[in-house]
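Trainee: I would like to go through this model slowly, one question at a time. Could we look at the sequence and structure together before we begin?

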Amino acid sequence: MQTPTDPAYLAAELRLPTNWLDYTILAIYFVVVLGIGFAARRSVKTSLDFFLSGRSLPAWVTGLAFIAANLGATEILGMAANSAQYGVYTTHWYWIGAIPAMVFLGLVMMPFYYGSKVRSVPEFLLLRFDRAAHLLSSILFACAAILIAGVNLYALAIVVEALLGWPQWVAIVVAGFFVLAYITLGGLSSAIYNEVLQFFVILAALIPITVLGLKKVGGWDGLSDSLSASHGDNFMTAWGGTGIGSDNPLGANWLTIVLGLGFVLSFGYWTTNFAEVQRALSAKNLSAAQRTPLIAAFPKIFIVFLVMIPGLVAAVLVPKIGTSGSDLQYNDAIPYLMEQLLPNGVLGIAVTGLLAAFMAGMAANVSSFNTVFTTDIWAKYVKTGREDAYYVRFGRLITAIGVLASIGTAFLASSFSNIMAYLQTLFSFFNVPMFVVFIIGMFWKRASVKSGFWGLIAGTTVAMLNYFWIYKQGVIDIPSDQGANFVSAIAGFVAGAVVMVAVSLFTAPKPTAELQGLVYGTRSPGMSEPPAEGDDAWYRKPALLGWGAVILAAACYIPFSF
Amino acid sequence: MSAQHPERHGWSEEEVAREVAELETKSATAARLFDIRRIIGGLFVVYGVIVTITGLTDSDAAIDKAEGININLWTGLGMLLLGLFFLAWLKLRPTAPPPPDITAEEEPAQH
């Protein structure tokens, strides 16, 4: 999900007291990362191996990679910042802003994605709609992936400069080189394996920070009491002050939270962002593909505590954080606690975890970029019908080009960080229309071939108009960027839907024979594969996992609602 | 593959399904990719040992910094346990040996 705050501002005096021990821990990690790349190399024989791990990974691996691809450092630092600024409202990004969408992806959409054997999200649009929708979504996705990879790289450089004192260009080149090396060597398998490893290192970094932070402020009760006293009672609740018309720091009410964040934005991100969906498409069978986002949902429910509590602790320890009265920005919450609380050793683990998270955030974008660029753009519009080995070679080449391009965008970001933030917002508007087109295309047989392209165009245009004109020019008063994002998303969704329906009424539908397995209520041969041995165990039933996650997330709201 | 119809390469549902199904039979990932449990287990055992030893030899200053908790010791033990868990899991449920029809080079598997 888009990170609410810009991670680019870190106080310069947060230099960590690292020593040789911490650097040894970091060096071991870099060696292992490269080793995974080299060891995965021999498994790459076909383009399917390189781009989708041969559709053969087990569900727990793809599930943890699914969560780790999202758990980039911009997410970790950004969500801690969000908590220091807005308090317990942060839980919305997890419990309503992620879980329902992940469950929907696993239970409802995955049979169509995986069963149709598409290799990417744009390829599904090609089958359901036409070349125009396919080419537009492929090109936009490719641009967005490179841009976001570059923003991750730039954020890494800022953080590493502040914490370790490396010059920015050193951090950018070193991280770029490692990501380039392991993806070029081992393709998606090595990206996914590194994400799984990174997931555990991140936990090992965040758990000590959370525990020590809580101890420092007198446990949860101490935390809760001091923040309620200083920031008001609503700061420690999820829904307090979100009535329509009432005022809260988030600038959003329950309706825009539920519809904008919970429905449109999060469904757009989790169900149609190929950097996420690709992890599920690499699973070994339909059952494993369905379970990928469902397995990811359970850690996602609890990870919020590991980013929110450090943010809240920082708000207690540095009461003026984020205001002009303090040198510390909201984004400094986790680095500040690392500096204050962690002795050498665990400090090295935490630094490693942060760097690993940055690299994984970048690698997820690069590995989805090379797939879309090769299978959707190059193999379909430029050099069609070559032998498979050609596309593997081209995939490696375009990975290198993609990494170099993101290094370029990282340097660009360092000189125009505001423009980059705008561009990122702009691309986030593209996820929403993409979701409209998917949802209508999947559930309404009549949606015509041409409606996909026009739905994408209309939704994107309206979301951008709302953000850049109605909000930025102040035509309607919306109190915060976050609130405006939610409204833009809803507007884009409605516009895309209206245009799709209108275009469908006046243009020809796709023949029913060509919709098998692409529209709800139809089936394809890939969807009727029998469950593999052991997949019929009760704890592997997708419906049970999915509904379990939804109920658990809803239950988590209870202690924070009254 | 679609050698006879290069102009229709991957444009329809059947084309995509056939192309991917054919690639799946040639794919080498299932047969040749190592098991990630070995790497997670190995790395966390190494990290666990390093951090635990650091905790055992930590000065009072390091412990005072961490609110009086020997955080290196506890984190180290936790990481060691996680590493051992993955190695034990690998030992008890080893990777299934690849089916013989996939290890044979270039032979399309027939199920």
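**Reading the two chains**

Trainee: How far apart do the end C-alpha atoms of residues 69-90 of chain B lie?

Mentor: The span of residues 69-90 of chain B is 91% helix and 0% strand, where helices (H or I, at least four residues) and strands (E, at least two) are DSSP runs, numbered from the N terminus. Keep in mind that this is a predicted model, in which local features need pLDDT of at least 70, side-chain atom pairs count only at pLDDT 80 or more, and totals for chains, interfaces and linings use all residues. Residues are numbered from 1 along each chain as its sequence is written, while chains are lettered from A and ligands numbered from 1 in the order in which they are written. From end to end, the C-alpha atoms of residues 69-90 of chain B are separated by 33 Å.

Trainee: Which residues of chain B does UniProt list for "transmembrane region"?

Mentor: The listing comes from an unreviewed entry, and such annotations, given here in the numbering used for the model, with shortened feature names, may be inferred rather than shown by experiment. In the model, residues 39-57 of chain B are 95% helix and 0% strand, with end C-alpha atoms 27 Å apart. The record names two spans for "transmembrane region", residues 39-57 and 69-90 of chain B.

Trainee: How many helices does chain B have?

Mentor: Reading chain B from the N terminus on, the elements run α-α-α-α-α-α. There are zero strands in chain B, and its helices number six.

Trainee: What is the average pLDDT of chain B?

Mentor: pLDDT is the predictor's confidence in each residue, from 0 to 100, and it stays under 50 over residues 1-7 of chain B and also over residues 102-111 of chain B. Even so, 77% of the residues in chain B score at least 70. The average for chain B is 79.

**Where the chains meet**

Trainee: Which element gives the largest share of the side of chain B that touches chain A?

Mentor: The contact (C-beta atoms, placed from the backbone, lie within 7 Å) takes 41 residues from chain B and 48 residues from chain A. Several elements of chain B give two or more residues to this side, among them α1 (13-26) and α5 (71-92). By class, it has 25 nonpolar, nine polar and seven charged residues, where Ala, Val, Leu, Ile, Met, Phe, Trp, Tyr, Cys and Pro count as nonpolar, Asp, Glu, Lys and Arg as charged, and the others, Gly among them, as polar. The largest share, 11 residues, comes from α3(B).

Trainee: At about what angle do helix α1 of chain A and helix α3 of chain B pack?

Mentor: Axes are lines fitted to C-alpha atoms, for helices over the stretch in contact, and angles run from 0 to 180 degrees between N-to-C directions. Here α1(A) and α3(B) are roughly antiparallel to each other, given that angles under 35 degrees count as roughly parallel, over 145 as roughly antiparallel, 65 to 115 as roughly perpendicular and the rest as oblique. The residues of this contact divide into 10 nonpolar, one polar and no charged. The axes of α1(A) and α3(B) are 12 Å apart, and the angle is about 175 degrees.

Trainee: How far apart are the axes of α1(A) and helix α9 of chain A?

Mentor: The angle between α1(A) and α9(A) is about 75 degrees, and the two helices are therefore roughly perpendicular to each other. Phe30(A) and Val33(A) are among the residues of α1(A) that meet α9(A), where the partners include Phe178(A) and Tyr182(A). The axes of α1(A) and α9(A) are separated by 8 Å.

**Single residues**

Trainee: Is Lys117(A) buried or exposed?

Mentor: Lys117(A) lies in the loop between α6 (99-115) and α7 (121-128) of chain A, and has a positive phi of about 65 degrees although it is not a glycine. A residue is buried if 20 or more other C-beta atoms, placed from the backbone, lie within 10 Å of its own, exposed if 12 or fewer, and partly exposed in between. Because Lys117(A) has 23 C-beta neighbours inside 10 Å, it counts as buried.

Trainee: What positive phi does Glu67(B) have?

Mentor: Most residues other than glycine have a negative phi. Glu67(B) is found in the loop between α4 and α5 of chain B, and counts as partly exposed with 15 C-beta neighbours inside 10 Å. Although Glu67(B) is not a glycine, its phi is positive, at about 60 degrees.

Methods. Two residues are in contact if their C-beta atoms, placed from the backbone, lie within 7 Å.
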